[in-house]
Amino acid sequence: MSQHPLRPLPSGRRSGRPALASALRIGRALFNSQYALMLEFRAEILLWALSGLLPLLMFSLWSGAPAGAAAGISPQAFSRYFLAAFVVRQFTVVWVVYAFEEDNLLGRLSPLLLQPLPLIWRYAAAHLAEQATRFPFVMVMVALFFWAVPEAVWIPSPTRLLLALLAAHLGFWLNFLLQHAITMLCFWSERASALERFLFMPYLFLSGMLAPLDLYPEAVRRFALLTPFPSMLYLPAQLASGGPIDALAGFRTVAVWLAVLIPINLLLWRAGVRRYAAMGG
Amino acid sequence: MGSTSTIRRHARSIARFWSSSLAAEMEYQLNLLIEVAATLITLTGSLFTLSLFFGRGQQLGGWSWNAALVVLGIYTLLNGFSSTLLRPNLGNLVKQVQSGGLDFVLLKPMDSQIWLSLRTLSPWGLPEMVLGLALVVVGTIRSGAKPHTTALLTGGLMVLAGITILYSLWFVLAATSIWFVKIWNATEVLRSLLAAGQFPVSAYPPALRVVFSTILPVAFLTTVPAEAILGLASGGSLLAGLVLAGLSVVGSRALWRLALRHYTSASS
């Protein structure tokens, strides 16, 4: 492959069309085909959505825990925070390492690598399409939650909502790039997905899924905020639920981590493709 | 019926199965390091999370920090048990149904439920079981409960009952793959809901407490055994746990029989 994988596609230029329009066209086609595919797996995706109930479980614990009241967080604030965390989690879940590993082991990777499209975009489109498939399920679950816990009902301010949506989407990309970096190790090892656990564990304990970071001891909280994990959950959840948050510092952390992860992914991808020798080869 | 010889034959086969799976897994000794590291990180995180509920002499659902450690220890123990036996075997059951390999299992001169439930043993859950047990011991000693023989015996019995219930939940879910081929994602839902067992069931709101004692008996997996070990369990909950364990075995057995009657192999 002499064509550099992440350079804009040549086809658009050759036909005289601007590269951007061409990229948009490809993006739309990718998304639509992946969405059609994901719709076939509705039942599975519903089950995946249901397996993310942990934040709601934590809400039921925290709303009755004396420690929560002692920290000055009301049951209502907990309900909003954890519902927001639940929704954010639904739209930041990443599974690229498993999809890639399977494609690699089953030999599906070779034809995909021949296409004049960097693989990462195909997987990213699959994730976005899966999120679109999840959307109605998540909305039903939110409605059920509001029905069960009516005092949780709130409407975030438009600014906060926009910032939360932005933060959640950037959080998805952070999570995606982080796991994609591990995914690239599939070029060197057959079982790179085993390493994903070492991403999930710090994510579980530092993202704010089990408790708002405000309840953490100061030193742990400050350490957590240096890692990329709170950007994937705590930041968007606090923005949406109206909790106290230093949004500027939060987005700065997101920017720094994106700036770190993008070149790492590029380097690993280039080195990996050069090393690729197809399964069984 | 030579039932003792049947049992002996099954036991001998299972011993062979396990020693061969252990020998196979020993090819991947680096895994042990990875598992120990992962278990230690997870346990540290869980202890930290639990500690957030216990600032300044607070309690969680009437449980002290040390007593709650026993619950977390039993949860860790059961989690290790799941990785050692339940996940590898019952994941395999689903695959056998999808590929049609179940046909060959049914032909074997061995009980199919036992074969499917005990065929392999993955040693990588053992570090978690050991650490879970250690946490139980630490929590019990620190909470000042006198190590009564009766309390320890009932505790051990209730842990066994919990393991039985947990097994039945997994097996029933895996067995339904005979009807719904792609059931495996449902085990992720089960796994995420079982995470509720890390905390004493009395910490949950009343409505959830009812759910966790009936539909999804998380209470009998961790809380009741912990109460038994600490000598706090009521006779009623002990009896309920044992009855539930018995019922779950009978239920899983009956469901498996029913499933086999509906089994039509993969290609038909």
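**Fold, helix and interface**

Tutor: This is a predicted model, in which local features need pLDDT of at least 70, side-chain atom pairs count only at pLDDT 80 or more, and totals for chains, interfaces and linings use all residues. Residues are numbered from 1 along each chain as its sequence is written, while chains are lettered from A and ligands numbered from 1 in the order in which they are written.

Student: What radius of gyration does chain A have, beside that of a compact globule with 281 residues?

Tutor: The radius is taken over C-alpha atoms, and the globule rule is 2.2 Å times the number of residues to the power 0.38. For 281 residues a compact globule would come near 19 Å, and the value for chain A agrees with this, being 20 Å.

Student: How many helices and strands does chain A have?

Tutor: Both elements are DSSP runs, numbered from the N terminus: helices are H or I with at least four residues, strands E with at least two. For chain A the totals are 15 helices and zero strands.

Student: Is helix H14 of chain A mostly covered or mostly open?

Tutor: A residue is buried if 20 or more other C-beta atoms lie within 10 Å of its own, exposed if 12 or fewer, and partly exposed in between, with C-beta atoms placed from the backbone. In H14(A), residues 234–241, the buried ones include Tyr234(A), Pro236(A) and Gln238(A). Eight of its eight residues are buried, and the helix is thus mostly covered.

Student: Which helices do the buried residues of H14(A) pack against?

Tutor: Contact requires C-beta atoms, placed from the backbone, within 7 Å. The partners of these buried residues all belong to chain A: H6 (75–90), H10 (158–183), H13 (229–232) and H15 (247–275).

Student: Which classes of residue make up the side of chain A that touches chain B?

Tutor: The contact takes 22 residues from chain A and 28 residues from chain B. Ala, Val, Leu, Ile, Met, Phe, Trp, Tyr, Cys and Pro count as nonpolar, Asp, Glu, Lys and Arg as charged, and the others, Gly among them, as polar. By class, the side of chain A has three polar, two charged and 17 nonpolar residues.

Student: What share of the residues of chain B count as buried?

Tutor: Chain B holds 11 helices and zero strands. Its C-alpha atoms fill a box of roughly 65 × 40 × 40 Å along the principal axes. Of its 268 residues, the buried share is 36%.

Notes
Contact = placed C-beta atoms within 7 Å.
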